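Open the model in your viewer and keep the selection tool to hand. Each stop below says what to select and what is there.

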Protein chains: 2
Amino acid sequence: MTVSTSERLAQLRELMRKPENNVDAYVVPSEDQHGSEYIASCDERRAWISGFNGSAGCAIITMDKALMFTDGRYFLQASEQMDQNWELMKQGLPGIPTWQDYLTTNLPASARIGIDPTLITEKDFKTLSSAKESEKPEAQDTNTLVPIITNLVDVIWASDRPPRPKNAVVPLEEEYSGESVASKLHRLASAVSSNTPKPRALVLTALDDIAWLFNLRGSDIAYNPVFFSYAVVHFHSSEELDNSKNPHAVLFLQRNAIEHGDLKSVLGPQIEIRPYEDIWEYLKDLGNQLRSISAEKSQEKLVLISDKASFAVAQAVGEDIINALPSPITVLKAIKNSTELEGFRQSHIRDGIALARYFSWLEEKLTEEGKKLTEWEGAEQLEKFRSELPLFKGLSFDTISSTGPNGAIIHYSPDPKDCAVIERDQIYLCDSGAQFLDGTTDVTRTWHFGTPTDEEKRTATRVLQGHIAIDSAIFPNGTTGYIIDSWARKALWKDGLDFRHGTGHGVGHYLNVHEGPHGIGTRITSNASPLKAGMIVTNEPGYYADGKYGVRIENVLIIKEVETPWNFGDKGFLGFECVTIHDRGVDDAYVVFFRCPIQTNW
Amino acid sequence: MTVSTSERLAQLRELMRKPENNVDAYVVPSEDQHGSEYIASCDERRAWISGFNGSAGCAIITMDKALMFTDGRYFLQASEQMDQNWELMKQGLPGIPTWQDYLTTNLPASARIGIDPTLITEKDFKTLSSAKESEKPEAQDTNTLVPIITNLVDVIWASDRPPRPKNAVVPLEEEYSGESVASKLHRLASAVSSNTPKPRALVLTALDDIAWLFNLRGSDIAYNPVFFSYAVVHFHSSEELDNSKNPHAVLFLQRNAIEHGDLKSVLGPQIEIRPYEDIWEYLKDLGNQLRSISAEKSQEKLVLISDKASFAVAQAVGEDIINALPSPITVLKAIKNSTELEGFRQSHIRDGIALARYFSWLEEKLTEEGKKLTEWEGAEQLEKFRSELPLFKGLSFDTISSTGPNGAIIHYSPDPKDCAVIERDQIYLCDSGAQFLDGTTDVTRTWHFGTPTDEEKRTATRVLQGHIAIDSAIFPNGTTGYIIDSWARKALWKDGLDFRHGTGHGVGHYLNVHEGPHGIGTRITSNASPLKAGMIVTNEPGYYADGKYGVRIENVLIIKEVETPWNFGDKGFLGFECVTIHDRGVDDAYVVFFRCPIQTNW
């Protein structure tokens, strides 16, 4: 399963030693220039250099070490995929530093650390730089972060590197989006107007932010209907609005996208399209440009960038940055309008048809026909059933079709050429989802088509109890997913069980299957954004017995206002509407998993 | 119920205007010089200036305003106790700043803010100062915090101010403490030795830290068996230890305490006693003194102070402060040894006898004899029963004996001269506790001796369900009280109910009834210290219907290791042992409160 990385690492270290670079360590993050979680294969630098292709992780290569920092979801997968050159750093376990902490405290004094400035956020770059300073304030020999414009992995990854996709960008009709671009721009302007100082422009770098705002979709990244782009939104004063020459927004798209005939007429004259590569020059001139069209020549900072924007973007805008705040679009996008919510309901009904067809097909094959089916063949059949549904646009992520021990690899996906046969007498875990024009789905079901063991029954019951605790949750406005995460774990903890991933994540509307700002989880970041009515969140507790089996039960929930007998402090209370098609009632739900009577005394 | 504060405020404002002070605002915190929560009556400056005598709150007086910042526990009480001069700032409600935020953002530019440097922590002083700077980094006219050595309230509070207590300081036998002072000093030295740089001395300012470390108890503050003191602990190198002239610790006590004959012989020659007032000169010279007894004349910082130490202490130590960390004693003290734990069990058994006697006496008086009893008479009778018990040393806080609407005033205590008659047909809430030589108790029971309404039954059931959720909790090592706090609220939230206080606090061993560092609550501070085996924590969810009634159910729990069928990640799992005497089983427990059948379908 492993790729040999000796030659790649040797070449990289040679580049690191070159006088123009001269670095002792080189950081290879997972993200692309847009901070994307899922990335195009041309951007899979971290996977190429290390062999580990999970969605999260950061590589640090020094002259004598190659370290992979990843979290609990990927401990097993990373250790299986990486060769002997690599050391796995299990972030979250006691005594294991984060990659940021490692750079700050574990490297020798006066080490030079190279990084591609387009692949690290301004915030991380500054935090790392200032952490170093505060660590040893008096010392002159602290480590230095060195932005290296030419990505060193790109230099050695030449022959077999896939080209950058430049696929068509297409409008998403208002029938599905539920809101015009003009209305979104208006709401965005009003959302940022309370900022002090008031921004004159906002730089957008996250691909799903741009797709949402302009009601456009693409296919540059597998499973994510986004397209490579940057955008700058202008906030005009009322007099500037009268001048039709002032654009409302500039969208930076790759060439093929611009050539797409319909786009200009759909977006209208106030949204200018420019080539993708021109963003850097545009940002460098943005401050001057804003001052030239403004009535008063203000010396105030004018440009808002998001805290997910790269250090390179921040450098290009320069002195004119107000500050790096969470993108105001992230919150607007997370609260779905009624069209989007109805789309979620309808797309989940259709998705449920494919799932029911697949699981009944699979049961028949395994139990009645006694067929040998691989995990890959299962996933293919499920995709086939989904692809027959109206408004289907593709999968929302790699189908996790896993039998027995593979179910314990949390983000496993079967290799078509080399994967296991689905065993009737092992637990089968299937986590899958689709993109529909009217919504995105993400659902996990765990089955046993034979006779489960007592341990399997008990642990799966605990997972189900945690799932039900979230499904039936009621909580006051202002509550975060951090606060209710432990409800999903309470039943598991009772038996000394737990799981090393979050309980739930936001889901985009015909967009990325993982979407912020909220979530239900143990990371303190999920304590920053309260759950709000109209948001979508998954409910997916699990339990993983390494080398044996995995159990996960996942539905998609709409957060909604609920009626309660009292309304303490006039806060208003929230609960969930489950849109994934499922049997209600505890007994039925249990039967879905194991077809044996529930033990209610657990 | 209110005291007229017009004359006091006029005098204070006159002092604020004087050239030597010249401040636009003056801050009067609750705490004494030791950051105590409960304070001696001579230190009740905030209560005297405002009339509000709750345990938490901070007053800010400007030339035209008098503001009282307090939290949800005290909204009702503060608004009832304060006269028309005062404006109540309900901290925690949307849009209401904390007193710190108010000073930073709501005062006019270049305001001068006076504060007694012995009554604010170094951390708060610095945070306030730097918050101001970062708020308007370029402006020259930012507000200034002005330490005023002479407390301005003390100047005007002359004739009727009680004298400072100087009561006897007495040793707590090892039979009760379970550990010698020498052993505690040894463990303390080992706990701080991992600090970089390694401290040579630790300054102790919290009265319960000092009482615990030296196995001493006093009675300078009502309900808290502590005594006014400071202490400096020295950490010697092995060669210095041989020199018998080097003290292991210096204890600063008030005169009468020093005159106490036994104390010197109990503490031994290595613990030096000096007069309380000498701490300031001692701290100023501490760095030089440490360098003079040390073999090498190190220029490193040498002195550890706690983050609860006052700005005045930090100023006295000066450049030699390493940094202000949570007191290492707080964590040592929180984890009880087996003698202390057994003392908690035994003292709670005795305490339960007094409670059972009292509640049966009260029931008889109200239901059979039809007597008119005031809340105060009830509290007196409970104290009488407690005072008859072996090892009784006093109450651990003012008994909350409250009928009907008074139960909704969370920290109510009946005024002997003017309090309500306990009504048979209203809910009676009694929160009380005692100090015993072998432990401290804190228990709340809520009764109805007549026929409760449906609302009362339902809301009390929700409180009980929350109480049981905590009582039966199992969670992995590393879990904080912040994480499980929502378990106490889940049942209440289901009905749109909630309560505006924490779910539980640590309890001292024959020490303060509120003790850190851990707690179960919604404040982020309770996310900083994991719950650990051997700690004590209360379990006290409630519900308060303003103007009608209050419900609270409180037991004291020992945190202990528990056996679970699995042990995920080898973390080890924790649970609770309840030491408050109570009926186990849901039905019985319910009967205790309302003597009517539980409705199990809620």
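The tour starts with conventions and confidence, then moves through strands, a sheet, a helix and salt bridges.

**Ground rules**

This is a predicted model: local features need pLDDT of at least 70, side-chain atom pairs count only at pLDDT 80 or more, and totals for chains, interfaces and linings use all residues. Residues are numbered from 1 along each chain as its sequence is written, chains are lettered from A and ligands numbered from 1 in the order in which they are written, and side-chain values use heavy atoms, with hydrogens and water left out.

**Stop 1: confidence**

Colour by pLDDT, the predictor's confidence in each residue, from 0 to 100. The model scores ipTM 0.89 and pTM 0.89. Chain A averages a pLDDT of 90, and 91% of the residues score at least 70.

Now select residues 135-140 of chain A. Here pLDDT stays under 50. The model has four contacts (heavy atoms within 4.5 Å) for this stretch beyond four places in sequence. Go on to residues 584-602 of chain A, where pLDDT is also below 50. That stretch has 40 contacts beyond near neighbours in sequence.

**Stop 2: strand 1 of chain B**

Helices (H or I, at least four residues) and strands (E, at least two) are DSSP runs, numbered from the N terminus. Select residues 25-29 of chain B, which form strand 1. Is this strand enclosed or open? Five of its five residues are buried, so strand 1 of chain B is largely enclosed by the rest of the structure. Buried means under 20% relative accessible area, exposed over 50%, and partly exposed in between (1.4 Å probe, protein chains only).

Show the side chains. In a regular strand they alternate between the two faces of the sheet. Here B:Ala25, B:Val27 and B:Pro29 point one way, while B:Tyr26 and B:Val28 point the other way.

Two strands pair if DSSP finds at least two bridges between them. Strand 2 (residues 58-62) of chain B runs antiparallel to strand 1 of chain B, joined by five bridges. Find B:Val28 and its bridge partner B:Ala59. Strand 5 (residues 112-115) of chain B pairs with strand 1 of chain B in the parallel sense, over two bridges. There B:Ala25 stands opposite B:Ile113.

**Stop 3**

Four bridges join strand 16 of chain B to strand 17 (residues 428-432) of chain B. Pick out B:Ser401 and its bridge partner B:Cys430.

**Stop 3: B:His467**

Select B:His467 in helix 18 (residues 454-471) of chain B. B:His467 is buried, with a relative accessible area of 5%. Which side chain makes a polar contact with that of B:His467? It is the side chain of B:Asn555, at 3.2 Å. A polar contact is a pair of N or O atoms within 3.5 Å; within protein, one must be able to donate a hydrogen and the other to accept it, and residues adjacent in sequence count only if both atoms are side-chain atoms. Leaving aside neighbours within four places in sequence, B:His467 has contacts that include B:Asn539, B:Pro541 and B:Ile553.

**Stop 4: salt bridges**

A salt bridge is a side-chain nitrogen of Lys or Arg within 4 Å of a carboxyl oxygen of Asp or Glu.

- B:Lys457 is buried at 17% relative accessible area, whereas B:Asp454 is exposed at 60%.
- Select B:Glu369 and B:Lys365, a salt bridge at 3.2 Å, N to O. B:Glu369 is partly exposed at 40%, and B:Lys365 is buried at 17%.
- Cross to A:Asp209 and A:Lys333, a salt bridge at 3.0 Å, N to O. A:Asp209 lies in helix 9 (residues 207-213) of chain A and A:Lys333 in helix 15 (residues 328-334) of chain A, so the pair ties together parts 124 residues apart in sequence. Both residues, A:Asp209 and A:Lys333, are buried.
- Finish with A:Asp43, A:Arg45, A:Asp154, A:Arg161 and A:Arg164, which are linked in a network of salt bridges.
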